[in-house]
Amino acid sequence: MSGSRLRSLLEAYSTPVLLSSILSLVVVVVWMNASGVLAQTVTDALIRVVLVVGLYIFVGNSGVLAFGHIAFTMIGAYATAWLTLSTFKKSFALQLPAILAEHQYPVFPSAIAASSLAAVVALIVGIPIMRLSGISAAIATLAVLGMFHTFYNNWGPWTMGAATLPGVPLYVDMWVALGWVVFAIFVAFIYQRSRYGLALRATREDEFGARAAGISIPRQRLIAFVISAFFMGLGGVLQAHFLGSIAVKNFWLSLTFISLAMLIIGGQRSLTGAVVGASVISAITEVLRLVENGIEVGGTTISLPPGSQELGIALVMLLVLIFRPSGITGGRELRLRLSRRARGA
C-alpha cells in the first residue's frame, strides 16, 4: 500500500482511532494506579459510553428524539441473565423453559444473543413507529418504554417482578468494557459513513428533499433503530455483568434522562459528541457523588444535599443549550488532517 493511500485511510478513520486511543489511554493510566474504586468508576463510565453511542446511532443520524431506548437496555440485561445464571439460581428464582432453565451458556455468545434479541424487538416495534415523525415518534418511543417497563415489572416468573434479580456472573471490568466501547465506536462510525447512514443524515437535514430524491425515510430510520437497539441491549448486558444484579426500576426515566443529557451536552450530531458527553457527564456525576457523601477540605467536611447530581446535570444541560446549542463539540468530529500536513511539508 502506497504512503498516500495509507495516509488517506488513516485520515478517513482517524475519528474512531483517536476516540478509542484516548479512552484506552485513560484505562491504562487507571490500571497502572491500581485503584479499585477508580477502576469501577471508569468501567461504569465506559458502559455509559456504549449506551450513548447506541443512542447516537439513531438519534444523532436521524434527528428524531427517542425516549424509549432504555427498554432495549432492559431487554438485553434480562436476556443475558436468563442465559448466564447458574441452573441452581434459575431454579430457585425463576420459572424458565427447559432450554434456559437447564443450561448455563457462555457469556460472550450470550451477550451477542441478548443484544440481538433487543434488536429483533426493535425491528418489530419499529416498523410502525418509524413511519411517524417529530414529537409523535418521540412519544411513541416513550410509550414503548412504558409498555415494556410495566410488562417486565409484572412478569414475575421470568424477571422476579419488582424485586432485584441477583446472581448474574461478574466478568465486566475496564478491559472488557473498553473492548466493547471500541467495537461500538467503530460500528457507529462505519454506519454513519455508509450509504445507509448518509441517506438517513440526508433525511435529517431535509426530509422533503430526501423523500423527493427517492430515499425511503421509514426504511432508513428502521435500519438505524435496529442497530441502535443492539448496542443499547449490549449496554444492558455489560451493566448486568458489571453489577451482578438487575432490577426493572433501574431501567426507567432516570437512566433515560441521563443518557439523553449525555448525548445532547456532548453534541448529538457527531460520534465524538456522544463519547465526549458520556465521559464529561460521568466525571461530573462522580464528583458530585463524592461531594454528596462529604469531602474534607482543610479540616472541614463539605457535603451537598441529596439530589445534587441530578440538579448539577440539569444545570449543565441548561447552560449548554443556552450558550452552545450544538453541544460541547458543536457537532464536529475529532479528526487528523494528515493529507493537509503532507501537502504543507
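The structure here is a predicted model, in which local features need pLDDT of at least 70, side-chain atom pairs count only at pLDDT 80 or more, and totals for chains, interfaces and linings use all residues. Residues are numbered from 1 along each chain as its sequence is written, and side-chain values use heavy atoms, with hydrogens and water left out.

**Confidence**
- The average pLDDT (the predictor's confidence in each residue, from 0 to 100) is 90 for the protein, and 95% of the residues score at least 70.
- Residues 341–345 have a pLDDT below 50, and this stretch has one contact in the model beyond near neighbours in sequence.
- Where pLDDT is low, the predicted coordinates should not be read in detail.

**Helices α2 and α3**
- Helices (H or I, at least four residues) are DSSP runs, numbered from the N terminus.
- The axes of α2 and helix α3 (residues 36–62) cross at roughly 160° and come within 10 Å; axes are lines fitted to C-alpha atoms over the stretch in contact, and angles run from 0 to 180 degrees between N-to-C directions.
- The two helices α2 and α3 are therefore roughly antiparallel.
- Contact (heavy atoms within 4.5 Å) is made by Leu23, Val27 and Val30 of α2 with Leu38, Ala39, Val42 and Leu46 of α3.
- This contact of α2 with α3 has seven nonpolar residues, no polar and no charged ones; Ala, Val, Leu, Ile, Met, Phe, Trp, Tyr, Cys and Pro count as nonpolar, Asp, Glu, Lys and Arg as charged, and the others, Gly among them, as polar.

**Helices α4 and α13**
- Helix α4 (residues 70–84) packs against helix α13 (residues 217–243) at an angle of about 50°, with the axes 7 Å apart.
- That angle makes α4 oblique to α13.
- Residues in the contact include Gly76 and Ala77 of α4, and Gly233, Gly235 and Gly236 of α13.
- By class, the contact of α4 with α13 has eight nonpolar, eight polar and no charged residues.

**Single residues**
- Serine 14 lies in helix α2 (residues 14–33).
- Apart from neighbours within four places in sequence, serine 14 is in contact with Leu334, Arg335 and Leu336.
- Isoleucine 124 lies in helix α7 (residues 107–129).
- Isoleucine 124 and leucine 222 are 98 residues apart in sequence and 9.8 Å apart in space, C-alpha to C-alpha.

Key:
Angles under 35 degrees count as roughly parallel, over 145 as roughly antiparallel, 65 to 115 as roughly perpendicular and the rest as oblique.
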